[in-house]
Amino acid sequence: MAVCEVCGNDYYMSFDVIAAGVKHTFDSFECAIHRMAPACEHCRCRIVGHGVESDGKFYCCAHCATASGASGIVDHVDRKPHPGHATAVGVG
């Protein structure tokens with residue numbers, strides 16, 4: 001068993017994450033996200049998915065990046081209509 005570095009729980013199903021050569025031990029993905037995931041520069045939520053980066057700052061989505069002054073960032077790069085949509089976002 002190993003102790004979670006976030007909550008201190010000594011759990012038999014703990015796991016290690018190695019990032020930049022440093023080993024971290026957690027008892028849950030929740031604790032791993034709390035410690036490892038960057039926070040959005042705009043809304044401060046934890047970025048669990050891909051997110052976007054502009055000028056060395058991380059954002060959870062294009063909306064937050066744009067609201068913070070970044071330009072040229074979009075969430076969807078393909079301009080084909082998606083199922084259920086009459087036209088693609090930003091087209092026509």
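Modeller: Buried means under 20% relative accessible area and exposed over 50%, with partly exposed in between (1.4 Å probe, protein chains only). This is a predicted model, in which local features need pLDDT of at least 70 and side-chain atom pairs count only at pLDDT 80 or more, while totals for chains, interfaces and linings use all residues. Residues are numbered from 1 along each chain as its sequence is written, and side-chain values use heavy atoms, leaving out hydrogens and water.

Colleague: Is F15 buried, exposed or partly exposed?

Modeller: The relative accessibility of F15 is 23%. Buried requires under 20% and exposed over 50%, so F15 counts as partly exposed.

Colleague: Are the rings of F15 and F26 stacked, tilted or edge-to-face?

Modeller: Rings of Phe, Tyr and Trp (its six-membered ring) pair if their centres lie within 6.5 Å; planes under 30 degrees apart are stacked, over 60 edge-to-face, and the rest tilted. The centres of F15 and F26 are 6.2 Å apart. Their planes stand at 50 degrees, so the pair is tilted.

Colleague: Which strands hold F15 and F26?

Modeller: Strands (E, at least two residues) and helices (H or I, at least four) are DSSP runs, numbered from the N terminus. The pair links distant parts of the chain, 11 residues apart. F15 lies in β3 (residues 15–19) and F26 in β4 (residues 22–26), so the strands are β3 and β4.

Colleague: What is the distance between the closest N and O atoms of R35 and E5?

Modeller: A salt bridge is a side-chain nitrogen of Lys or Arg within 4 Å of a carboxyl oxygen of Asp or Glu. R35 and E5 form one, and their closest N and O atoms lie apart by 2.9 Å.
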